Amino acid sequence: MKDQRPTLEAVAARAGVGRGTASRVINGSGRVSQASREAVLHAVEELGYVPNQAARALVRQRTDTVAFVAGVTEDRGFWEDPFYSPLVRGATSALAAEGIQLLLAVAQSRQEHAQLTAFLEARHVDGVLLSSLHDGDPLPSRLDARGVPTVFVGAPTGYTSDYGVDLDNEVGARRAAQHLIGRSRRRMAVITGPLGIQASVDRWRGFRIALAEAGLVQGPVMHGDFTRASGAEAMRHLLACDRDVDAVFAANDLMAAGALDVLRESGRRVPDDVAVVGFDDTWVAAATDPPLTSIHQPIEDMGREAARLMLARLRQEDVPERTVIFEPRLVVRDSA
C-alpha cells in the first residue's frame, strides 16, 4: 500500500513557501521570517505532517535528545531519593520547550555503568547532564575525549568543569550550625553523606567551620550514604557512643528522617532532647514527625538552569556565566 502520509513538499505547497523554507522551520532554524514560520506551522497542523525523526537526525547530526546521568550505586537507588524528581522536572521542562527530550540513564551495577558509558560515547545523545558523581568516576573525561557536551549538577570531586550548576553547600551547612548554636546546642553530631561526593565534603566542612568560629568542638561523626536506612544506622551508633549529643546535622533529608525514626524509638524527644537539621528541603522534610528543619536548595530551578547551559552548548553560544552557584536558605520547622 502506498504511504499516504503528507510530505514536506505538501507542507511547503500548502504554506506557499519553498521546500527549503519549510525544512528550516521544521528543523528549528532561525533564518525564516515570522510570516513564513507561521504559515508553515499552520500547514503542518492542517495536514498532520510528522517529520521523519531518524532522517532528520542523520542529516542534522543531532538526536534532539539529552541524557541525564546520576552517580547512583546499588546501595543508593535513584528512585528513592527525593532530590532527583524536581531536578529532572526542571530540566525536562526547559529542554522540552526547545523540542529536546530528556533521557533518564540510570546505571547501578558495574556492568550497567560500562554499557551506559559505551552508549553515551557512541553519541546516541546530543549531550549529557551529570549529577552526584563520585570521586574518580571516569565518565566525564571519557565524554570530553569524545567531544560530548556535558553540564554538571553539583561539582564533581577532583574534576574541573566549564559548565555546571551547584549550591553553595558550605554556606548552607554553616547556616545549619549557626541555627543550632542559636538554639543553645553545644554537643552537635554530624551524619555526613558519601565523602566521594563533593557536596558531602563541603557540607561537613561548612558545619565544622561554623562550630570553630563559635569556639565549639564538633561532636561525634558518622558517615552515611544519603539513604534513610544509613541515617537510622548512624543515629543508633551516635546514641550508643555519646548520650550527651543534643543536636544532629544530617547532610540530606533522608538521613535526617532516619535519625528521627531512631530518636523516636529510643524515647528521645525532638527537639527538646535532641534537635535535628537536614539538608535539601525536599518533600521529605515536611512529611517527618516532627517536620524537619532543613537547608533549602532550589532543585527545580537548578535543573532548568542546567538545561539552559546545555542548550547554549548545543547551539555553540557563548554564555557569560558558565558555572551558576545557587544560594541556600534555612527553613525552620519543628525539629530544631
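Student: Which residues touch the most other members of the largest nonpolar core?

Tutor: In this predicted model, L129 and F207 touch the most other members of the largest nonpolar core, which has 49 residues.

Student: And which helix gives the most to this core?

Tutor: That is helix α13, covering residues 299-314, which gives nine residues to the core.

Student: What other core is there, apart from that one?

Tutor: Another core, of 25 residues, lies apart from the largest one, and its members include V248, M255, V262 and L263.

Student: Back to F207, then: which residues is F207 in contact with, leaving aside its neighbours within four places in sequence?

Tutor: With those neighbours set aside, F207 is in contact with A173, R174, A176, A177, L180, M188, V190, Q218 and F249. F207 is also one of the α9 residues in the contact with α8, and A173, R174, A176, A177 and L180 are among those on the α8 side.

Student: At what angle do α8 and α9 pack?

Tutor: Helix α8, residues 169-182, and helix α9, residues 198-213, pack at an angle of about 40 degrees, and their axes are 7 Å apart. The two helices are therefore oblique to each other, and α8 passes α9 in a right-handed crossing.

Student: Which residues make the contact?

Tutor: From α8 the contact takes N169, E170, A173, R174, A176, A177, Q178, L180 and I181, while α9 brings A199, D202, R203, R205, G206, F207, I209, A210, L211 and E213. Sorted by class, the residues of this contact of α8 with α9 are ten nonpolar, three polar and six charged.

Student: Zooming out for a second, how many helices and strands does the protein chain have?

Tutor: The protein chain has 13 helices and twelve strands, and its C-alpha trace spans about 80 × 45 × 35 Å along its principal axes. Of its 336 residues, 52% count as buried.

Student: What share of the contacts comes from residues 24 or more positions apart?

Tutor: Among the contacts in the protein chain with a separation of 6 or more, 72% are accounted for by residues 24 or more positions apart.

Student: New topic: where is the peptide bond cis?

Tutor: The bond from V270 to P271 is cis, with omega near 10 degrees, and P271 has its place in the loop between α11 (253-265) and β9 (275-280). The peptide bond from D289 to P290 is cis too, with omega near -5 degrees, and P290 is found in the loop between α12 (283-287) and β10 (293-296).

Student: Which residues have a positive phi without being glycine?

Tutor: R123 has a positive phi of about 60 degrees although it is not a glycine, and S132, likewise a residue other than glycine, has a positive phi near 60 degrees. R123 lies in the loop between α6 and β3 (127-131), whereas the place of S132 is in the loop between β3 and α7 (139-146).

Student: Are those two, R123 and S132, buried or partly exposed?

Tutor: R123 counts as partly exposed because its relative accessibility is 39%, whereas S132, at 13%, counts as buried.

Student: What about F119, where is that found?

Tutor: F119 is found in helix α6, residues 110-121, and at 32% relative accessibility F119 counts as partly exposed. Leaving aside its neighbours within four places in sequence, F119 is in contact with L103, H124 and V125.

Student: And how far apart are F119 and V66 in space?

Tutor: C-alpha to C-alpha, F119 and V66 are 12 Å apart in space, and they are 53 residues apart in sequence.

Technical notes:
Residues numbered from 1 in each chain as written. Predicted model: local features only at pLDDT ≥ 70, side-chain atom pairs only at ≥ 80, totals over all residues. Heavy atoms only, no water. Axes fitted to C-alpha atoms, helices over the stretch in contact; angles between N-to-C directions. Helix = DSSP H or I, 4+ residues; strand = E, 2+ residues; numbered from the N terminus. Parallel < 35°, antiparallel > 145°, perpendicular 65-115°, else oblique. Left-handed = near helix turned anticlockwise from the far one by under 90°. Contact = heavy atoms within 4.5 Å. Nonpolar A, V, L, I, M, F, W, Y, C, P; charged D, E, K, R; others polar. Core = buried A, V, L, I, M, F, W, Y, C linked by side-chain atoms within 4.5 Å. Buried < 20%, exposed > 50% of the residue type's maximum accessible area, 1.4 Å probe, protein only.
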